Amino acid sequence: MLLASVALITLLLTAFGSGGSSAVLTAAPAPATRLLPAGPPRPQVVALQSTLRLQLPVAQSRVTAIGYHASGDGALALDPVGRQANQGLVSRVARSIFGGGTSGLRYYALGGEGGPTTASLDVGAAPGTDVYAPVDGTIVGITPYVLAGRHYGARLDVQPSGNPSIVVSLTHLRPDPSLTVGSPVAATTSKLGTIIDFAKVERQALAHVTQDAGNHVSIEVHPAATLSIP
């Protein structure tokens, strides 16, 4: 009798229940803001080279990581702004005691061989991200960037205003078609191009500290007299 009662109750609930189908959970669509251009970055100094102040060239919301590595092509050492995220124990203790690195920026030391360990600045962002001028100045060179015998975008050389002794070089980007040699650019305002996907042609050091392939725009500062043209 007990079993029959349970079966009857189950049958009634099935026949006269809500009749609604089970809810299916679906992922919400990506926010529309993620599909739109981020626009220029807010003015924020990311590195120094003597009196030269390099501004962040990518919108803050699109930066995946910031890293520095050695470069053996004559690039000058940069002074990072912010706090090293992968520093050693001694450095962490010293920073906690004496302070420093209060800008909010976090960067990684990526190693490398030849030249100063902070000669090349990599600002990570997804391919297609807009890149803006890191300094006020003038475009003095637009040359193909060659890797393994093939062209991948271009190298843009910018001579900073009032400082003809150095040139700021940017690579890993596709230049904006409106740019020509002689074009004036303004820091964080003038668009220079978009980041190119280099994942299939080189192992990018920044990938060790990001959740993606480590694509980025690379920035170096060279003495103008020794800058080599590919």
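What follows is a chat about strand pairing, aromatic pairs and the nonpolar core in a predicted model.

Colleague: What are the ground rules here?
Modeller: The model is predicted, so local features need pLDDT of at least 70 and side-chain atom pairs count only at pLDDT 80 or more, while totals for chains, interfaces and linings use all residues. Residues are numbered from 1 along each chain as its sequence is written, and side-chain values use heavy atoms, with hydrogens and water left out.

Colleague: Which way do β9 and β10 run, and how many bridges join them?
Modeller: Strands β9 (residues 137–147) and β10 (residues 150–160) run antiparallel, joined by nine bridges. Strands are DSSP runs of E, at least two residues, numbered from the N terminus, and two of them pair if DSSP finds at least two bridges between them.

Colleague: What is the bridge partner of G141 in β10?
Modeller: D157. The hairpin has two residues between the strands, and A148 there takes a positive phi near 55 degrees.

Colleague: How many bridges join β9 to β12?
Modeller: Two, with β12 (residues 184–185) antiparallel to β9. P184 in β12 is the bridge partner of T138.

Colleague: Switching topic. How many aromatic pairs in the whole structure?
Modeller: Three. Rings of Phe, Tyr and Trp (its six-membered ring) pair if their centres lie within 6.5 Å; planes under 30 degrees apart are stacked, over 60 edge-to-face, and the rest tilted. Y68 and Y107 have ring centres 5.4 Å apart and planes at 85 degrees, so that pair is edge-to-face.

Colleague: What does the pair tie together?
Modeller: Y68 lies in β3 (residues 66–69) and Y107 in β6 (residues 106–109), so parts that are 39 residues apart in sequence are tied together.

Colleague: Is Y68 buried or exposed?
Modeller: Y68 is buried, at 2% relative accessible area. Y107 counts as buried too, at 11%. Buried means under 20% relative accessible area, exposed over 50%, partly exposed in between (1.4 Å probe, protein chains only).

Colleague: And what about Y152 and F198?
Modeller: Their ring centres are 5.6 Å apart and the planes are at 50 degrees, so the pair is tilted. Y152 is in β10 and F198 in the loop between β13 (191–195) and β14 (216–223), 46 residues apart. Y152 and F198 are both buried. Together with Y145, they form one aromatic cluster.

Colleague: How many residues in the largest nonpolar core?
Modeller: It has 31 residues, and V46 and L54 are among those with the most contacts inside it. Such a core is a set of buried Ala, Val, Leu, Ile, Met, Phe, Trp, Tyr and Cys residues joined through side-chain atoms within 4.5 Å.

Colleague: Which element gives the most to this core?
Modeller: β11, with four residues.
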